[in-house]
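Let us walk through this model step by step. Keep the sequence and the structure in view.

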Amino acid sequence: SHLFKPRDVYRAGFNGGGDAGTAGGHPTGQNPPSGAVVYYWLKKPGQTVTMDFLDAKGAVIRSFTSVQDPIVARDSVKADSIKTARADSLRKAGVKADSTTRSEARSEETPPPDDGPRRAPPPPRVSNKAGLNMFAWNMRYPDASTFDNIIMWAADTNGPVAIPGTYSVRMHVNGTTESQTFRLVKDPRSKATQADFEDQFAFMLKVRNETSKANDAVKTIRNLRAQIADRDNRLPADKRAAFESATNSMMTSLTQVEQEIYQTKNRSGQDPLNFPIKLNNKIAALAGVAASTDARPTSQTRQVLDILSAQLETQLAKMRISMGAGMTEGNRVLKAAGLPELVESTAEIRAVGTSAPMDDDEVLESGIEH
């Protein structure tokens, strides 16, 4: 294998990349990917390749691999099974293979968007074919925590863009490691100083972390709700009343907290027009405000984050108090019945039979037995 030295990257155009350019309505070419473009050569295909991107101090910012994401693999299996089932149903129905029915068959074999949950896109997968390969890092730090089917208005969970400076890429292939450095260079049109970039970046990290705290709270509440439903179904009838007495009040309080943090009525991208956005959306939207130009965040933007962070902490305090009392009493009943106790977890519990069930570690963490 061989890792080529990347070109320096200008800190500009990080709002996409890869879209075709247009002139008079006609495509003129494909734009290059935004960010650091890394070229590397592999003698053999199918090797496990890992790419680490590090800051000037040698700390790893992001890592990527050629190994397929397990949830993506599960979704692919489900999509393939849907296509096969629909194709089989068409054949059994005696559909003729003329041009019209072939078109209809292709349409039927494509699962509609609502066949599965909306999930955040997985990390880019590192190519590992023989010969020359390319990988592009978008120069962003890790994203905020998120959850399936989240809908936000004028906001997202993208991590902040790195500031100008020296970075490096480290490639691992079959026990060998190669490294190369490159620079992220300020847009020459920008008047921001290095101190401005550092101040903006620190603010963006805080927004990301507060968004993660909000989204993790939603996941914790939903995980606990699923655990309680599971235990309630497995408890003997003579112990169920005591368990429900301990957990019903807790879940009523936690549901109120969840509804203050996230707009639970959202089902489509247009629903925020009808239902007001909540704390996680308000906090996340500040990232777009602060990143709209190369400059320090305004005092007003900082004040809004302070206000929203305080409101979030109020809800998190309510959550901790409710969980402390309810889980203690509920677990007392479960322990006496010989059932797994309730545990605090942000793992997303998906229904049995979906394309992305929990893996073994998630099952152990949640305490749910499938």
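In which strand is the place of Arg183? Arg183 lies in strand 10, which covers residues 176-186. Keep in mind that the model is predicted.

Is Arg183 buried, exposed or partly exposed? Its relative accessibility is 45%, so Arg183 counts as partly exposed; the class lies between the limits of 20% and 50%. Leaving aside residues up to four places away in sequence, Arg183 touches Asp8, Val9, Gly165 and Thr166. Pro164 is 19 residues from Arg183 along the chain, and the two C-alpha atoms are separated by 7.3 Å.

Five strands form an open sheet in the order 2-10-9-6-7, and their pairing is mixed. Strand 2 (9-11) and strand 7 (60-65) stand at the edges. Each has a single partner strand, so one side of each lacks a neighbour in the sheet. On average, neighbouring strands here are turned by 25 degrees against each other, direction ignored.

Look next at strand 6 (residues 49-54) and strand 7. They run antiparallel and are joined by five bridges. Phe53 stands opposite Arg62 of strand 7.

The largest has 35 residues, and Leu224, Leu254, Ile261 and Met319 have the most contacts inside it. Helix 3 (194-234), helix 4 (237-261), helix 5 (279-290) and helix 6 (299-337) are the elements that each give two or more residues to this core. What does Met319 touch, beyond residues up to four places away in sequence? Its contacts are Ala217, Ile221, Leu254 and Val257. A second core is separate and has 28 residues, including Val49, Val161, Ala162 and Val173.

Terms used
Residues are numbered from 1 along each chain as its sequence is written. This is a predicted model: local features need pLDDT of at least 70, side-chain atom pairs count only at pLDDT 80 or more; totals for chains, interfaces and linings use all residues. Side-chain values use heavy atoms; hydrogens and water are left out. A nonpolar core is a set of buried Ala, Val, Leu, Ile, Met, Phe, Trp, Tyr and Cys residues joined through side-chain atoms within 4.5 Å. Buried means under 20% relative accessible area, exposed over 50%, partly exposed in between (1.4 Å probe, protein chains only). Helices (H or I, at least four residues) and strands (E, at least two) are DSSP runs, numbered from the N terminus. Contact means heavy atoms within 4.5 Å. Two strands pair if DSSP finds at least two bridges between them. Axes are lines fitted to C-alpha atoms, for helices over the stretch in contact, and angles run from 0 to 180 degrees between N-to-C directions.
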